[in-house]
Each structure stands twice: as structure tokens, then as C-alpha cells.
Amino acid sequence: MVNIFRTLAESAPVPVCLHLDHSTSIDYCKKCADAGYTNIMIDASKQSYEENIRQTKEVVDYCHAIGGISVEGELGTVGGVEDQIKVAEDEAQLANPEQSVEFVERTGVDIFAPAIGTAHGVYKTKNPKIDFERMAVIHKMLNGNGIKTPLVVHGGTGLPDDYVTKLLAAGGAKFNVSTELKHTLLDAKWEYLSAHRDEYDPGKLDVFVRDATRKAVMHWMDKLGCEGKA
Ligand SMILES: [Zn+2]
């Protein structure tokens, strides 16, 4: 499977990584690194601060020794949409700016996901509470410290457009929108199959789903201003 996806990624006209998202297992991260993944996220954010650093650093050291693999770490709680408001209002669950700098320095992560109140899934409110200020402070502290560490926004699906603009201005460099892509994929399958009940050609279904997914990805690339930056 990795070989198939690496071949597809390498033949794309823009840089594409093979990303492992939110792995809580060091062994699984290492297995994927060995298999040829090019971007690995170790998510030890549920552990204590020190344990998070220890586990993240172990994965970073392993992947960097192999070479050609970037590693993402997370600090604070990026929960589900059920708890979004609760998490956003509880400072203790968000990434602390001083600790963020220490975390990046001690682990050596290439990209960093600070919890700022975003959540996985589809937001239950039109105006989710997001700590833009915290994002900007962390970005400034990290990049004013001689390190260049792009910041990741988890829970990008369903964020209002002006929130996305503000997060970009505050230093967001990678947006995760897997919920939207999952919805697109399944809705497209449903749409095609419902309209073609007598057709038994999986290839046509795949093409339809691929085109729908491509459209969704291109929409986000436009929104995030990726065009021409590869
Ligand atoms: Zn995530």
C-alpha cells in the first residue's frame, strides 16, 4: 500500500507527503517510518508534559536517523466537537506558549500542533471559540527564537472562512480537514450509487469519487492561498 501511495505522491506536480495522523503508538510510528511514510504525527498529547516530550523525541530521533521524514507533535487537547467549548474555555487544556517553545526545542519536531480550541468533527456551533491570540503568540515566540516550526491547525473542517483567514494570519501553515474529506468521499459514493443502481462498474464509481475529492482539496488549497507556492 505504501508503495502505491508513494508512487502516486511522487508523480504529483506538487509536493505531497504520505502522512500518518494522530498515532499514539511509538512502535506504529516507527513501523510507518520504516515502510516509507514521509510525515509522521506522534500524538502523545494525552500523556503528561514530560512523557509527551519523551515519546515525541523518541519518534523524532528515529525518523530523523532514517532521513526524509518530518515529524509532527501536539501539545494540549484537541478534542472532539462534543467538548469543544469546554476545552476552549479551559486554559489548562490549551497549549501554553512557554511550554510550546520548550516542547519544540527539546523534541526537535519539524511541525507543531498547539491546542487552541479547535476540535475534530463538525462544529456544533456557528462560532466555535478559538484562541487566535494564543496561536499568534506561540507563532511569534517560536519563530523569534531562531527556530522555524510551521504550526498545524487540527479540526479545520467547518471553520468559518474569516476564522481560517485569522488563523493563517496568526501563523497557521498546515490545516487538517479530514472530516470534510471523509464526508465528501462518502457523500459522493452515496450520490453516485443512488443514481446508478443498475450499473456495476467500480471504476466509474472511483472516478466520480476521485473528482469530488479533488474538488474539495482544490477548494481548500485556494482558501489557504497555496496556489503557486509549491
Ligand atoms: Zn487532528
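The model is predicted, and local features need pLDDT of at least 70, side-chain atom pairs count only at pLDDT 80 or more, while totals for chains, interfaces and linings use all residues. Residues are numbered from 1 along each chain as its sequence is written, and side-chain values use heavy atoms, with hydrogens and water left out.

**The zinc site**

Let's start with the metal. Which protein atoms are the donors of the zinc ion? They are NE2 of H22, NE2 of H120 and ND1 of H154, lying 1.9 to 2.1 Å from the zinc ion. Donors here are N, O and S atoms within 2.8 Å of the metal (3.2 Å for Na, K and Ca), and water is not among the atoms, so sites may look incomplete. Along the sequence, the donor residues follow the spacing H-x97-H-x33-H. H22 lies in strand β1 (residues 19-23) and H120 in the loop between β4 (111-114) and α6 (132-143), so this pair ties together parts that are 98 residues apart in sequence. Helices (H or I, at least four residues) and strands (E, at least two) are DSSP runs, numbered from the N terminus.

How covered up are a few of these residues? Buried means under 20% relative accessible area, exposed over 50%, and partly exposed in between (1.4 Å probe, protein chains only).

| Residue | Relative accessible area | Class |
|---|---|---|
| H22 | 23% | partly exposed |
| H120 | 29% | partly exposed |
| P97 | 14% | buried |
| M1 | 70% | exposed |

P97 belongs to helix α5 (residues 97-107).

**Rings**

How many aromatic pairs does the structure hold? There are four. Rings of Phe, Tyr and Trp (its six-membered ring) pair if their centres lie within 6.5 Å; planes under 30 degrees apart count as stacked, over 60 as edge-to-face and the rest as tilted. One of the pairs is F103 with F112, a tilted one with 5.6 Å centre to centre and 40° between the planes. Both F103 and F112 are buried.

The charged end of K166 sits over the ring of F132, 4.3 Å from its centre, and K223 lies over the face of W220, at 4.2 Å from the ring centre. To count, NZ of Lys or CZ of Arg must be within 6 Å of the ring centre and within 35 degrees of the ring normal.
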